Amino acid sequence: MILPVVAYGDPVLKKEAEEITKDYPDLQKLIADMFETMYEAAGVGLAAPQIGKSIRLFVVDGSPFAEEEDEEEDPRAVGIEDFKQVFINPIIEEEFGEEWCFKEGCLSIPKVREEVYRKEKVRITYYDENWNFKDEIFDGYAARIIQHEYDHIEGVLFTDHLSAIKKKLISKKLQNISKGEVSVDYRMKFPAAKKGR
Ligand code: NI
């Protein structure tokens, strides 16, 4: 089932999300719905707050990066075609390596892409969809997707990383998004939309 993606301005996107337990109701169905919603919107990651649930869960599929980027020329894309995963109760234990810049986008902030600096590697502990505990290191685009999605469950958006000037430059766009004044080809829920929209 495709779920509406919550747009910029909704308070759920600014909240630190809560851990879940193994008996969280209909977890497998929720995970399946999140993948379906992400694919429908052509995203590479989706965090639970983006579908209105303030829980520490996100899904990723980095394979579009493999089509977009030439692996031979871009070592950051190596292995990305197999990066399809579920992260439950994740904790980024460490971020290391050089900072690098990438133009990020977000399904909750359509039509906005801005350069964000992040470190190139992350060590993350989490549970997969079968509640197997994992402790892994990711780099390149995989690390980038994880950092972006992890921010979501901490109540942080990529726009929060921008300079004051950049933020000011896009503030009108962001306001319009929260009012639903943006054209998107996937289902969204706009916090400041006028009734009847
Ligand atoms: Ni996002």
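In the predicted model, Cys-106 and His-152 are both buried. These two residues take part in a metal site: a nickel ion is coordinated by Cys-106 through SG and by His-148 and His-152 through NE2, at 2.1 to 2.3 Å. Along the chain, the donors of the nickel ion follow the spacing C-x41-H-x3-H.

Arg-118 lies in strand S5 (residues 109-127). Because its relative accessibility is 6%, below the 20% limit, Arg-118 counts as buried. The side chain of Arg-118 forms a polar contact of 2.7 Å with the side chain of Glu-104 and another, of 3.0 Å, with that of Asp-151.

Tyr-186 is located in the loop between helix H4 (164-178) and strand S7 (188-189). With a relative accessible area of 13%, Tyr-186 is likewise buried. When residues up to four places away in sequence are not counted, Tyr-186 touches Val-5, Ala-41, Leu-107 and Pro-110. Toward Leu-107, the side chain of Tyr-186 reaches the backbone oxygen at 2.8 Å. The C-alpha atoms of Tyr-186 and Pro-4 are separated by 7.8 Å, although the two residues are 182 residues apart along the chain.

Key. Residues are numbered from 1 along each chain as its sequence is written. This is a predicted model: local features need pLDDT of at least 70, side-chain atom pairs count only at pLDDT 80 or more; totals for chains, interfaces and linings use all residues. Side-chain values use heavy atoms; hydrogens and water are left out. Helices (H or I, at least four residues) and strands (E, at least two) are DSSP runs, numbered from the N terminus. Buried means under 20% relative accessible area, exposed over 50%, partly exposed in between (1.4 Å probe, protein chains only). Contact means heavy atoms within 4.5 Å. A polar contact is a pair of N or O atoms within 3.5 Å; within protein, one must be able to donate a hydrogen and the other to accept it, and residues adjacent in sequence count only if both atoms are side-chain atoms. Donors are N, O and S atoms within 2.8 Å of the metal (3.2 Å for Na, K and Ca); water is not among the atoms, so sites may look incomplete.
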